[in-house]
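Open the model in your viewer and keep the sequence panel beside it. The stops below go from the whole chain down to single side chains.

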Amino acid sequence: MASSVTLGSCPWVLHHHPSTQSKTPRSRSPSLITLKPISLTPKRSVSSASHTISSSLVTKEDSNLKSTSTTSSFDFMSYILRKADSVNRALDSAVPLREPLKIHEAMRYSLLAGGKRVRPVLCIAACELVGGEESLAMPAACAVEMIHTMSLIHDDLPCMDNDDLRRGKPTNHKVYGEDVAVLAGDALLSFAFEHLASATSSDVSPARVVRAVGELAKAIGTEGLVAGQVVDISSEGLDLNDVGLDHLEFIHLHKTAALLEASAVLGGIVGGGSDEEIERLRKFARCIGLLFQVVDDILDVTKSSQELGKTAGKDLIADKLTYPKLMGLEKSREFAEKLNREARDQLLGFDSDKVAPLLALASYIANRQN
């Protein structure tokens, strides 16, 4: 028996063995489930072993990106370092140190603390993919990073995850107090929308700016980030027999993937992408968003706090639902590989030079170590 389940815009078919239907229906053993991607394009994958992109188009006939003609090499680390540096400079400029000093110090403390800048780089890469330039995407890229930073500040509060370490440094409330940390997050949230609305180039039509604002708001509200957070909190300590993969995927498609989705979609919108291109970017980002969380769960139980730059094993301590807890470590790794392939399939047909950063970003997320 097969039933269709849609994980946001990254659809899967769950095949259940008939013999399991009368037993604990809400508990799905990974060994009895086949998560089968439904691609909008033929099932082809791009090798994750290399970031070398060949040929003028990524096509189903050339799924391994090999060509007898001209080959261009893409240096992903150089790309992401260059883009992250641009983002850091833009963030520094957007949130200067001014009165009231304490709140701006707290905002800047977390906003400029480093990090991989995956979301803003994704936003910029998506914009460039559809023909836009970095400058068009930068306000949107900064806005998603401001909101991401807000979510980290609030996540670390004693009333939430109660964490003391973030990006290798004491968490915001440990330095500035809980009251200022809450306000710093609030300020970053509100300023993100102000910055997106006021700093985006006039080359981007007002209609596209409004569309971008709407997408970002939806991604972090009760249909996005907040929904995932609430269900995550209410799921702590639940018996594994009372939940299934669909429950866990709801949490992470909203808690983690929604903001990554918004990053890619905003880049596509301000870059002038067509509706079809924007929707393919949406599907790509949802898949890598879920991939990001699966990998995060794996790292939480396999790496030390020193390696991660944050407290390791905190999900286990908090008795949270995670992929390794529900599926086991090896099945979680297999699921991550499947999501990586599905994400890449959404990029078939785009110009290979422009798609190279997104292909490499998917590999980076799949293989990251912290």
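This is a predicted model: local features need pLDDT of at least 70, side-chain atom pairs count only at pLDDT 80 or more; totals for chains, interfaces and linings use all residues.

Helices (H or I, at least four residues) and strands (E, at least two) are DSSP runs, numbered from the N terminus. Residues are numbered from 1 along each chain as its sequence is written, and side-chain values use heavy atoms, with hydrogens and water left out.

**Whole chain**

Show the surface. Its accessible area (Shrake-Rupley method, 1.4 Å probe; for residues, only the protein chains shown count as cover) is about 15,900 Å², and carbon and sulfur atoms hold 53% of that. Of the 370 residues in the protein chain, 52% are buried (under 20% relative accessible area; over 50% is exposed and in between is partly exposed, with a 1.4 Å probe and protein chains only). Now consider contacts, meaning heavy atoms within 4.5 Å. Among contacts with a separation of 6 or more, 71% join residues 24 or more positions apart.

**Aromatic pairs**

Select the rings of Phe, Tyr and Trp (its six-membered ring); they pair if their centres lie within 6.5 Å, and planes under 30 degrees apart count as stacked, over 60 as edge-to-face and the rest as tilted. Five aromatic pairs are present in the structure. One of them is the tilted pair of phenylalanine 74 and phenylalanine 76, at 6.5 Å centre to centre with 45° between the planes. Both of these phenylalanines are buried.

Tyrosine 323 belongs to helix α14 (residues 323–327) and phenylalanine 335 to helix α15 (residues 329–345), so the pair ties together parts twelve residues apart in sequence. Tyrosine 323 and phenylalanine 335 are buried.

Then select Phe74, Phe76, Tyr79 and Tyr364, which ring pairs link into a cluster.

**Phenylalanine 292**

A charge sits over a ring if NZ of Lys or CZ of Arg is within 6 Å of the ring centre and within 35 degrees of the ring normal. Arginine 119 lies over the face of phenylalanine 292 at 5.4 Å from the ring centre, and arginine 368 lies over the face of phenylalanine 292 at 3.8 Å.

**Serine 263**

Finish in helix α10 (residues 257–270), where serine 263 is found. Serine 263 counts as buried because its relative accessibility is 0%. Leaving out residues up to four places away in sequence, serine 263 touches Arg119, Leu122, Cys123 and Val144.
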